[in-house]
Amino acid sequence: MSLIKCPDCGEMISNRAEICIHCGCPIAKSKETSVGPFKFDLNEDGESYSVSQGTHVNSAIMLSGTYAADKKVTFIAENGFCKCNNITTLLINNIPSIGKCAFEGCENLKSIVLRDVTFIGERAFANCESLESVIIISDKRTTIEIGAFSHCSNLKEVFLPDGLCWIDS
């Protein structure tokens with residue numbers, strides 16, 4: 001726990017307080033949190049989060065469906081990691097949706113494993129020129145929007161779950 005200033009009366013209160021104990025002013029919760037190299041934004045539902053690049057991202061990254069033990073991550077933000085050329089290997093585990101252009105132009109990205117991803121947005125991995133391998137593991141239907149892997153000139157292997165993919169034409 002740490003102390004913050006009440007925006008109304010200026011008195012010091014707990015950062016976990018929902019209202020100021022001095023004046024009763026409601027305290028807005030932050031909609032953005034950074035953890036390591038990632039930025040998490042509270043979604044409109046007020047319960048789940050989307051993830052994007054916050055600071056320097058390592059060459060191999062794993063994005064999971066939870067962070068800070070109990071925060072649910074449901075979406076990788078549109079343009080969230082766009083042109084992040086440090087990434088070479090990507091594992092996404094149990095995050096249902098990858099936004100439009102989320103990893104577009106990650107020139108050094110070579111391999112992707114997507115587990116329990118149900119939606120891959122338009123141009124999500126477009127122009128990933130070094131991309132060689134994509135593996136999708138899911139027992140749910142996965143929708144792949146138009147151009148999701150366009151201009152990936154070195155793409156050699158794509159493994160899709162049997163009968164569980166819908167690819168936009």
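In what order do the five strands of the open sheet stand? The order is β6-β9-β11-β13-β15, and the pairing is parallel. Strands here are DSSP runs (E, at least two residues), numbered from the N terminus. Two strands count as paired if DSSP finds at least two bridges between them. The edges are held by β6 (60–64) and β15 (157–159). Each has a single partner strand, so one side of each lacks a neighbour in the sheet. From one strand to the next, the twist averages 5 degrees (axes are lines fitted to C-alpha atoms; angles run from 0 to 180 degrees between N-to-C directions).

The model is predicted; local features need pLDDT of at least 70 and side-chain atom pairs pLDDT 80 or more, while totals for chains, interfaces and linings use all residues. Residues are numbered from 1 along each chain as its sequence is written, and side-chain values use heavy atoms, without hydrogens and water.

Strand β13 (residues 133–137) runs parallel to β15, and three bridges join them. Val-134 has Val-158 of β15 as its bridge partner.

Two salt bridges are found in the whole structure (a side-chain nitrogen of Lys or Arg within 4 Å of a carboxyl oxygen of Asp or Glu). One links the side chains of Glu-104 and Arg-123, at 2.6 Å from N to O. Glu-104 lies in the loop between β10 (97–98) and β11 (111–115), and Arg-123 in the loop between β12 (119–120) and β13, so the pair ties together parts 19 residues apart in sequence. Glu-104 is buried, at 14% relative accessibility. Arg-123 is partly exposed, at 25%. Buried means under 20% relative accessible area, exposed over 50%, and partly exposed in between (1.4 Å probe, protein chains only). Asp-41 and Lys-39 form a salt bridge at 3.8 Å, N to O. Lys-39 is partly exposed, with 24% relative accessible area.

Conventions:
Helices (H or I, at least four residues) and strands (E, at least two) are DSSP runs, numbered from the N terminus.
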